[in-house]
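Q: I'm new to this structure and would like a close look at one part of it. Could you walk me through the salt bridges and what surrounds them?

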Amino acid sequence: KFNNLRAEVEVANERADSAEQALKQLQDEQTEREQEIISYQNRIKRLEEEAQMREDQLDEAKKFNQDNQTTLSETDVLIKKVMTLEEKLDTAENQLREALEKIRSYDLENENLQRIITQNDKDKEIADQRYEELELKYNENKQELDNTVKLLEDI
């Protein structure tokens, strides 16, 4: 019995250690994901600023185009610039959409990791409670064994 209890205690300790390691790993992964999210948020901000700048440039180019329709060559040049800016704006918008999708994906992954962490915390609490129960039984059995040994010695 004593060896069985000791084995159960060791198993419970190993499970608790394993759960703590898994929790630490998940926390590390969560920190890494949060850093990635911050990085993507910064990139989104830069892309939004660049998109706004490009829109402003596009607006400027369009106004310039309207003001200078006197010569055909100037108009052709401005049209090419506007098209180039619109293409760059489209590219920036696509990058922004992709970044937002990645952030949504990371948010989902983060939620899943949170669920795992919560479950691991519950498992650890159960293992700790079981350990305490086994330790109490162990101490009771040890006391009983000591009493039996003392009785046997007295005989």
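Is D28 buried, partly exposed or exposed, and what is its relative accessible area?

A: D28 is partly exposed, with a relative accessible area of 40%; on this scale buried means under 20%, exposed over 50%, and partly exposed in between, using a 1.4 Å probe and protein chains only. Before going on, a quick word on the model: it's predicted, so local features need pLDDT of at least 70 and side-chain atom pairs count only at pLDDT 80 or more, while totals for chains, interfaces and linings use all residues. Residues are numbered from 1 along each chain as its sequence is written, and side-chain values use heavy atoms, with hydrogens and water left out.

Now for the partner of D28. K24 makes a salt bridge with D28, with 3.1 Å between the closest N and O atoms; the term means a side-chain nitrogen of Lys or Arg within 4 Å of a carboxyl oxygen of Asp or Glu. Both K24 and D28 sit in helix α1, four residues apart, or about one turn of the helix. Helices here are DSSP runs (H or I, at least four residues), numbered from the N terminus. K24 is partly exposed too, at 46% relative accessible area.

Over in helix α2, E133 and R130 are three residues apart, so about one helical turn separates them. Their closest N and O atoms are 3.8 Å apart, and they form a salt bridge. E133 is partly exposed at 37%, and R130 is partly exposed at 35%.

Other bridges reach further along the chain. The side chains of K62 and E86 meet in a salt bridge at 4.0 Å, N to O. This pair links distant parts of the chain, with K62 in helix α1 and E86 in helix α2, 24 residues apart. K62 has a relative accessible area of 38%, which means it is partly exposed, and E86 counts as partly exposed at 32%. There's also a network of salt bridges, which links E32, R33, E36 and E109.

R54 counts as buried because its relative accessibility is 16%. Leaving aside residues up to four places away in sequence, R54 touches L85, K88 and L89, where contact means heavy atoms within 4.5 Å.

How values were computed:
Helices (H or I, at least four residues) and strands (E, at least two) are DSSP runs, numbered from the N terminus.
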